[in-house]
Amino acid sequence: YEFMRRRSRNWKLLSQYPGDYPLPIVGNGFQLGFDADDSSHKLMEIWKKHGRTNFRMTVGSEEWVLLSNPDDIATILNHPTELGKQVERNTAMAPFFGNSVSTSEGERWKTIRKLMAPSFHFKTQEKRVEHVNKYCDSLFKVLDDHDGTVVDMYRYLRPYMFDILCNSLMGVDSDLLSTPDHPYLKASAKVVNIITQNFFSYWRNIKFIFQLTPFYKEMTETIKTIRDTSTVIISERKKELKKIIDDTKNNNRNVDVDLEEILGNKVSDDMCLLDKFLLSKIYNGEPLPEDMINDEITLVSWTGHYTTTMTMAHTLYCIAKYPEVQKRILEEQKSIYNKDFTRKPTNTELTDMKYLEAAIKESIRTIPTVTKIGRQLKNDLEFKDGRKVPADTTVVVFYEAVYQDPKTFHEPEKFNPDRFFEPMHNHAFVPFSAGPRNCLGFRFAWVAMKATISNIIRRYELSLGGPGTEPQFAYRIVTESKNGLQLRLKKRT
Ligand code: HEM
């Protein structure tokens, strides 16, 4: 009786939102179709059908409320305690990233997030710009070889971004840019697709069947490759730390690192992220177990390089597609670098690149890097308009819908960076999420994207790859083009 009572109460609350009547067992699941790559498109159709506003869906036994209203997005993302991720999404991601900061809850999440946060503080930006600029020279060497020809930007931007992260956060030189066919790059390119399939293909949760399929084998091999790469990075850094200690003992001191901190296992803000994981004893007074460090390094290496690469590549594509935007970015660059057009940017100059920033934002709006994020409610939640959503519901921030809503973005079909100079709702555009569980790496990502694009655009004229190369975007957990991102780069004289 209690179960029935709760169900009917929940249904009463949920049915305040538009949505189709759910069938027994499957709910509205069939409306998502059977092709995971197409489910985002299907959800957009449902959003339009119900009046381009927040709507509800029942997927299997789960209740979803999908939000496109910025007021309600502000309510969920800034909530101090509703920080739990959608259980289904975590199930899809956990085989790759275990119980990492992005997938964990409660004390583990809080402790690790606190340990990591100083590595992403705004004070670190100056140092990050230097790292990006250094690796840009290696990128130029590779891209110069393709002068005038069509090149897949993913192929070189991914290893480039991975090398920057590895050097800047892990203190290890990886140089994947010189081996773009490296097994890590091949494996990590499969992650988005596999997680998206796990998420939308419910039969995969029937483990004994899934384990018999080739998909399972592919997933296991992919996980092994990316986690083994983290093991190598961790052991390289351990060796380096040992060398620093030995060198110091032999009076050959490496000035970069404070030995007392290392020997005393003290963690300082200046240390690279991996040193913090290796040296801290925050976890029950003991060093962090190796598999826990592996979870975090695998997550940060993957998410940090993949999302940033996709956003940069898609922005370069938009710049190539809209020559007037390219012209205005270039004019802004000329106004900053009129004396020396090849000089690398400083952090202050990056903040002056307002039009470039608007162009990156408009690229994210039209090709959202992250298409949805979810929170699974622990308690009932009341939104600004007085409607309540019951505990256990999954509340989804449906970015694609927000970005295509004419109430929020006037003439959403137009590519218009200038819209970001107009006043807008402060939660209309939160691609890095917001509130206590926002993206830790957003400052790092901004620095990397702005510095890289500023350097690239001053060196090369960008145009589209031509017939047959138009990107085929798939809106997976991260948006990516199935046939790469082909652009023609021509060195400026
Ligand atoms: C353009 C690039 C990026 C975009 C669009 C992006 C977007 C996001 C979003 C939307 C979330 C929230 C996910 C959710 O609530 O389900 C998130 C979380 C996170 N991001 Fe990013 N991100 C980017 C780059 C980075 C970089 C460069 C790093 C690290 C080097 C990073 C590390 C993280 C971490 C660790 C979390 C989990 C935070 C937590 O749960 O407490 N991201 N990111």
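Visitor: How many helices and strands does the protein chain have?

Guide: In this predicted model, the protein chain has 19 helices and 11 strands. Its average pLDDT is 92, and 96% of the residues score at least 70. For the complex, the predictor gives an ipTM of 0.99 and a pTM of 0.95.

Visitor: Why does the radius of gyration of the protein chain agree with that of a compact globule?

Guide: A compact globule of 493 residues would have a radius of gyration near 23 Å, and the protein chain has 23 Å; therefore the two agree. Along the principal axes, the C-alpha atoms fill a box of roughly 75 × 55 × 45 Å. Of the 493 residues, 41% count as buried. Among contacts between residues at least 6 apart in sequence, 73% join residues at least 24 apart.

Visitor: Why is Cys-439 called buried?

Guide: A residue is buried if 20 or more other C-beta atoms lie within 10 Å of its own. Cys-439 has 20 C-beta neighbours inside 10 Å, and therefore counts as buried.

Visitor: Where is Cys-439 found, and between which helices?

Guide: Cys-439 is found in the loop between helix H18 (399–403) and helix H19 (442–459). Leaving aside residues up to four places away in sequence, Cys-439 touches Phe-432 and Ser-433. An unreviewed UniProt entry lists Cys-439 under "binding site".

Visitor: Which residues around the ligand come nearest?

Guide: Of the 23 residues around the ligand, Gly-304, Thr-307, Ile-373, Cys-439 and Gly-441 come nearest.

Visitor: What makes up the shell around the ligand, by class and by helix?

Guide: By class, the shell holds 11 nonpolar, nine polar and three charged residues. Helix H14 (290–321) and H19 each supply at least two residues. H14 gives the most, with six residues.

Visitor: Why is helix H9 said to be largely enclosed by the rest of the structure?

Guide: Helix H9 spans residues 191–200, and seven of its 10 residues are buried, so H9 is largely enclosed by the rest of the structure.

Visitor: Which residues of H9 are buried, and against which helices do they pack?

Guide: The buried residues of H9 are Val-191, Ile-194, Ile-195, Thr-196, Asn-198, Phe-199 and Phe-200. They pack against helix H2 (39–49), helix H4 (87–97), helix H8 (183–188), helix H11 (214–249) and H14. H14 also contributes to the shell around the ligand, with six residues.

Methods
Residues numbered from 1 in each chain as written. Predicted model: local features only at pLDDT ≥ 70, side-chain atom pairs only at ≥ 80, totals over all residues. UniProt positions renumbered as here; feature names shortened; annotations may be inferred. Helix = DSSP H or I, 4+ residues; strand = E, 2+ residues; numbered from the N terminus. Buried ≥ 20, exposed ≤ 12 C-beta atoms within 10 Å, placed from the backbone. Contact = placed C-beta atoms within 7 Å. pLDDT = per-residue confidence, 0-100. Near = placed C-beta within 6 Å. Nonpolar A, V, L, I, M, F, W, Y, C, P; charged D, E, K, R; others polar. Rg over C-alpha atoms; globule rule 2.2 N^0.38 Å.
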